[in-house]
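User: I am new to this structure and would like a close look at a single part of it. Please take one residue and its neighbours as the starting point, and then show me what else can be said about the chain.

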Amino acid sequence: MSPVNLFDFDLAALTLYCERLGEKRFRASQLFQWIHQRGAVEFTQMSDLALSLRSKLSGVANIAPLAPRSEQVSGDGTIKWLFDVGGGNAVETVFIPEPQRATLCVSTQAGCAVGCSFCATGHQGFSRNLTTGEIVSQLWYAEHALRKRLRRDARVVTNVVMMGMGEPLQNYTALVPALRVMLSDHAYGLSRRRVTVSTSGVVPMIDRLRNDLPVALAVSLHAPNDKLRDDLVPINKKYPLAELLGACKRYLSAAPRDFITFEYCMLDAVNDSLAHAHELVDLLQNAEATRIPCKFNLIPFNPFPGSGLRCSPRERVLQFAEVLTRAEFVTTVRKTRGADIDAACGQLAGEVQDRTRVSQRSVRMALPLRVYPMSSAKHNPTAPERQETPA
């Protein structure tokens with residue numbers, strides 16, 4: 001029988017495992033702290049565990065983090081790691097240092113089955129879900145590698161965002177235990193406000209996350225109407241905007257923050273007109289006659305080979321932001337980080353043995369995106385520039 005990888009356990013599961021081995025419950029907390037807080041990978045390092053327990057564990061369990069295949073460092077300090085997850089697959093993880101926080105962008109799948117037109121991961125297709133251990137291991141490696149590099153004993157990573165490769169809510173069974181590890185005071189001690197799950201809009205799982213473990217929520221919106229969003233974010237055909245916004249409103253009742261973050265990738269001549277901006281305002285202000293508390297994060301498109309898309313001109317991005325700001329929506333324009341190492345938003349590709357044969361089904365992606373008329377013709381204003389506000 002293969003040894004059990006203790007990275008796959010949250011604290012509750014590790015406690016049950018220790019009890020099955022005939023050990024007391026507090027041993028699980030000791031193990032958890034050694035692995036996640038101290039970075040131990042050998043049971044011999046765990047000096048306060050009984051020798052008999054260390055011997056017992058060495059026969060049935062191991063501590064097996066992901067192995068980094070490569071590391072790239074951007075001129076702006078962003079770091080991208082490529083992790084081997086076996087079977088010809090590798091996933092990417094990105095560390096983004098900022099003056100007031102240090103964010104880790106974590107992958108949850110090898111590839112992605114959603115197939116958003118502006119995302120490099122989606123163009124690769126999908127291979128498999130990551131395990132809980134593979135998700136947690138990305139944080140473990142980054143945290144302890146950075147502590148050594150920076151010669152720090154205190155925690156380095158302050159925020160985690162599930163915005164790497166994959167749709168987190170389509171890997172729910174592995175995601176939730178991984179979140180519990182990140183939130184545990186015996187591990188990384190992150191608050192629910194500082195852990196964000198980003199989703200393309202898997203409505204039933206948004207509701208489930210609200211009930212099970214509500215953390216900060218970001219929704220990849222990218223369009224103000226269903227016709228355009230069907231093209232940009234294909235999952236919209238299954239869960240259209242009315243259903244998605246209803247789930248967002250329900251989520252707020254349990255969320256650690258009093259707003260939802262809406263991500264909006266700015267695509268030249270596709271979704272970036274002032275009419276689109278006004279339609280977006282109408283959508284969010286009139287969602288079932290109740291304004292949804294939210295923040296908009298406008299993301300300049302980061303090009304990648306084969307996308308056939310261009311980034312909106314800066315002036316248009318700022319004018320789009322001005323429309324949202326005048327409607328009293330908090331709006332930021334995300335500062336591009338790590339573009340010189342293909343680590344910017346939407347650029348993560350890794351390596352994927354595609355099981356979905358996306359290359360054989362991607363004729364649609366090579367065609368120009370259809371641009372649909374607005375639902376209302378009344379919006380034709382111009383707006384002055386505004387200063388960029390980094391996310």
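Analyst: Threonine 196 lies in strand 10, which covers residues 195-199, and in this predicted model threonine 196 has a relative accessible area of 10%; values under 20% count as buried, so threonine 196 is a buried residue. Leaving aside residues up to four places away in sequence, threonine 196 touches Val160, Val161, Met162 and Met163, and it also touches Ala216, Leu217 and Ala218.

Whereas threonine 196 is buried, alanine 254 is partly exposed, with a relative accessible area of 28%. The contacts of alanine 254, again without residues up to four places away in sequence, are Arg192, Arg210 and Pro214. For one of these, proline 214, the separation from alanine 254 is 40 residues in sequence, while the C-alpha atoms of the two are 6.3 Å apart in space.

Helix 6 (residues 172-183) and helix 7 (residues 203-212) pack at an angle of about 30°, and their axes are 12 Å apart. Angles under 35 degrees count as roughly parallel, and helix 6 and helix 7 are therefore roughly parallel to each other. The crossing in which helix 6 passes helix 7 is right-handed. On the side of helix 6 the residues that meet helix 7 are Tyr172, Val176 and Leu179, and on the side of helix 7 they are Met205, Arg208, Leu209 and Asp212. Sorted by class, this contact of helix 6 with helix 7 contains five nonpolar residues and two charged ones, with no polar residues.

These parts belong to a chain that has twelve helices and 14 strands. Of its 391 residues, 58% are buried. Among the contacts in the chain with a separation of 6 or more, 69% are between residues 24 or more positions apart. The C-alpha trace spans about 75 × 40 × 40 Å along its principal axes. The radius of gyration of the chain is 22 Å, which agrees with the value near 21 Å that a compact globule of 391 residues would have.

Technical notes: Residues numbered from 1 in each chain as written. Predicted model: local features only at pLDDT ≥ 70, side-chain atom pairs only at ≥ 80, totals over all residues. Heavy atoms only, no water. Axes fitted to C-alpha atoms, helices over the stretch in contact; angles between N-to-C directions. Helix = DSSP H or I, 4+ residues; strand = E, 2+ residues; numbered from the N terminus. Parallel < 35°, antiparallel > 145°, perpendicular 65-115°, else oblique. Left-handed = near helix turned anticlockwise from the far one by under 90°. Contact = heavy atoms within 4.5 Å. Nonpolar A, V, L, I, M, F, W, Y, C, P; charged D, E, K, R; others polar. Buried < 20%, exposed > 50% of the residue type's maximum accessible area, 1.4 Å probe, protein only. Rg over C-alpha atoms; globule rule 2.2 N^0.38 Å.
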